Amino acid sequence: MNGRLRGTASGVVSYRLERQRVIDSVLAGERDRNDVCDAQSELKRVAVNHASPLKDPCPICGEDELGVVTFAFGLGLPSGGRCITSLREMQRLRRRGRPTRGYRVEVCRSCWWNHLRETFPISDPAKRRLLS
Ligand SMILES: [Zn+2]
């Protein structure tokens, strides 16, 4: 079973198993730490300014600098996605009524470990039509 592709009724796709596989391979020495602690400059900037802190320590370096940032991808948004920094912004994207998907990425502000945690629908007009 491929956990990465297994969705839920609500359209949330979890990347928890893939994340754990990556962490395990680093801890086992099969994979270089630099390969996974490679946040790009924009992700670093967003993580420093807008990340919501996570309770767990970083799985790679152990520091309490782990946070999560949310990006929205969809029609009419920048190709690199837009960082969502407030509930109001999220609600505005929902009201647009254009296909939009959210990506939650965890980032460590100490070693720059980063990994996709989950994706979820922000706005899915086609689905709403089917449901109503
Ligand atoms: Zn770290």
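# Exercises on a predicted protein chain

Of the 132 residues of the protein chain, 20% count as buried (a residue is buried if 20 or more other C-beta atoms, placed from the backbone, lie within 10 Å of its own, exposed if 12 or fewer, and partly exposed in between). The model is predicted: local features need pLDDT of at least 70, side-chain atom pairs count only at pLDDT 80 or more, and totals for chains, interfaces and linings use all residues. Residues are numbered from 1 along each chain as its sequence is written.

**Exercise 1.** State how many helices and strands the protein chain has, and give their order.

Solution. Step 1: helices (H or I, at least four residues) and strands (E, at least two) are DSSP runs, numbered from the N terminus. Step 2: the protein chain has 5 helices and 6 strands. Step 3: read from the N terminus, the order is β-α-α-α-β-β-β-α-β-β-α.

**Exercise 2.** Compare the span of helix 1 with the expected span, and say what follows the helix.

Solution. Step 1: the expected span of a helix is 1.5 Å times one less than its number of residues. Step 2: helix 1 covers residues 16–27, which is 12 residues. Step 3: from first C-alpha to last it reaches 16 Å, close to the 16 Å expected. Step 4: Gly29 follows helix 1 and has a positive phi, near 80 degrees.

**Exercise 3.** Find the strands that pair with strand 3, and give their direction.

Solution. Step 1: two strands pair if DSSP finds at least two bridges between them. Step 2: strand 2 (residues 52–53) is joined to strand 3 by 2 bridges, and Pro53 stands opposite Gly67 in strand 3. Step 3: strand 4 is joined to strand 3 by 3 bridges, with Phe71 opposite Cys83 in strand 4. Step 4: strand 5 is joined to strand 3 by 9 bridges, and Gly74 faces Thr100 in strand 5. Step 5: each of these pairs runs antiparallel.

**Exercise 4.** Describe the largest nonpolar core and the contacts of Val107.

Solution. Step 1: a nonpolar core is a set of buried Ala, Val, Leu, Ile, Met, Phe, Trp, Tyr and Cys residues joined through C-beta atoms within 7 Å. Step 2: the largest one has 20 residues, and Val69, Val107, Cys108 and Trp113 have the most contacts inside it. Step 3: helix 3 (41–50), strand 3 (66–74), strand 4 (82–84) and strand 5 (100–108) each supply at least two residues of this core. Strand 3 gives the most, with 4 residues. Step 4: two residues are in contact if their C-beta atoms, placed from the backbone, lie within 7 Å. Leaving aside neighbours within four places in sequence, the contacts of Val107 include Leu43, Val69 and Trp112.

**Exercise 5.** Decide whether Pro99 and Trp112 are buried, partly exposed or exposed.

Solution. Step 1: Pro99 is in the loop between helix 4 and strand 5. Pro99 has 16 C-beta neighbours inside 10 Å, so it counts as partly exposed. Step 2: Trp112 lies in the loop between strand 5 and strand 6 (114–123). Trp112 is buried because 20 other C-beta atoms lie within 10 Å. Step 3: Trp112 also has a positive phi of about 70 degrees, although it is not a glycine.

**Exercise 6.** Explain why helix 4 is said to lie largely in the open.

Solution. Step 1: helix 4 (residues 87–96) has 10 residues. Step 2: the number buried is 1, so helix 4 lies largely in the open. Step 3: just after helix 4, Gly97 takes a positive phi of about 70 degrees.
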